[in-house]
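Work through the exercises below with the sequence and the model at hand. Each task is followed by a solution in steps.

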Amino acid sequence: MSDYQKLDEDILGLTGTAEWKGSFMKILEAEAAASLQNQLEAHDWDEVNYQRGYRKALEFVANIREVTQTLMAQNDADV
């Protein structure tokens, strides 16, 4: 098993838990909402861009399970 396969399995294991689907996703949603509010109240473009990037990072984390599953399916199809 390669390091990438192990990483994929670890991601699926972590993101498949009830804690991930419940509490952790609520935290990510709250952070995204706070970030949007911070962006709306920003005094300069640097802060606006920072908040946009932060929300993109939160979105990446929130969707990592689906992305990993898609990549694994593509990899299996290529084999």
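**Exercise 1. A pair of tyrosines**

Tyr50 and Tyr54 both lie in helix 3 (residues 45–62), four residues apart, which is about one turn of the helix. The model is a predicted one. Classify the arrangement of the Tyr50 and Tyr54 rings, and state how exposed Tyr50 and Tyr54 are.

Solution.
Step 1. The ring centres of Tyr50 and Tyr54 are 6.3 Å apart. Rings count as a pair if their centres lie within 6.5 Å, so these two form an aromatic pair.
Step 2. The angle between the two planes is 5°. Planes under 30 degrees apart count as stacked, and therefore the Tyr50–Tyr54 pair is stacked.
Step 3. Counting by this rule gives two aromatic pairs.
Step 4. Tyr50 has a relative accessible area of 52%. Exposed means over 50%, so Tyr50 is exposed.
Step 5. Tyr54 has 29% relative accessibility. This value falls between 20% and 50%, so Tyr54 is partly exposed.

**Exercise 2. The surroundings of Gln39**

Find the helix that holds Gln39, decide whether Gln39 is buried or exposed, and list the residues Gln39 touches, not counting those up to four places away in sequence.

Solution.
Step 1. Gln39 belongs to helix 2, which covers residues 18–40.
Step 2. The relative accessibility of Gln39 is 15%. Buried means under 20%, so Gln39 is buried.
Step 3. With residues up to four places away in sequence left out, Gln39 touches Val48, Gln51, Arg52 and Arg55.
Step 4. With Arg55 there is also a polar contact, side chain to side chain, at 2.5 Å.

**Exercise 3. A glycine in helix 2**

Gly22 is also placed in helix 2. State how exposed Gly22 is and how far Gly22 lies from Asp10 in sequence and in space.

Solution.
Step 1. At 22% relative accessibility, Gly22 is not under the 20% limit for buried, so Gly22 counts as partly exposed.
Step 2. Gly22 and Asp10 are separated by twelve residues in sequence and by 19 Å in space, C-alpha to C-alpha.

**Exercise 4. The largest pocket**

Describe the largest pocket by volume, lining residues and residue classes.

Solution.
Step 1. The largest pocket holds about 160 Å³ of space.
Step 2. Its lining consists of Tyr4, Gln5, Asp8, Glu9, Leu71, Met72, Asn75 and Asp76. Two or more lining residues come from each of helix 1 (3–15) and helix 4 (64–78).
Step 3. Sorted by class, the lining has three nonpolar, two polar and three charged residues.

How values were computed: Residues are numbered from 1 along each chain as its sequence is written. This is a predicted model: local features need pLDDT of at least 70, side-chain atom pairs count only at pLDDT 80 or more; totals for chains, interfaces and linings use all residues. Side-chain values use heavy atoms; hydrogens and water are left out. On a 1 Å grid over the protein atoms alone, a cavity is a set of points where a 1.4 Å probe fits but cannot get out, and a pocket is an open set with protein on both sides within 12 Å along at least five of seven lines; lining residues have an atom within 4 Å of a point. Grid points are joined across faces, edges and corners, and a volume is the space filled by probe spheres set on the points. Ala, Val, Leu, Ile, Met, Phe, Trp, Tyr, Cys and Pro count as nonpolar, Asp, Glu, Lys and Arg as charged, and the others, Gly among them, as polar. Rings of Phe, Tyr and Trp (its six-membered ring) pair if their centres lie within 6.5 Å; planes under 30 degrees apart count as stacked, over 60 as edge-to-face and the rest as tilted. Buried means under 20% relative accessible area, exposed over 50%, partly exposed in between (1.4 Å probe, protein chains only). A polar contact is a pair of N or O atoms within 3.5 Å; within protein, one must be able to donate a hydrogen and the other to accept it, and residues adjacent in sequence count only if both atoms are side-chain atoms. Contact means heavy atoms within 4.5 Å.
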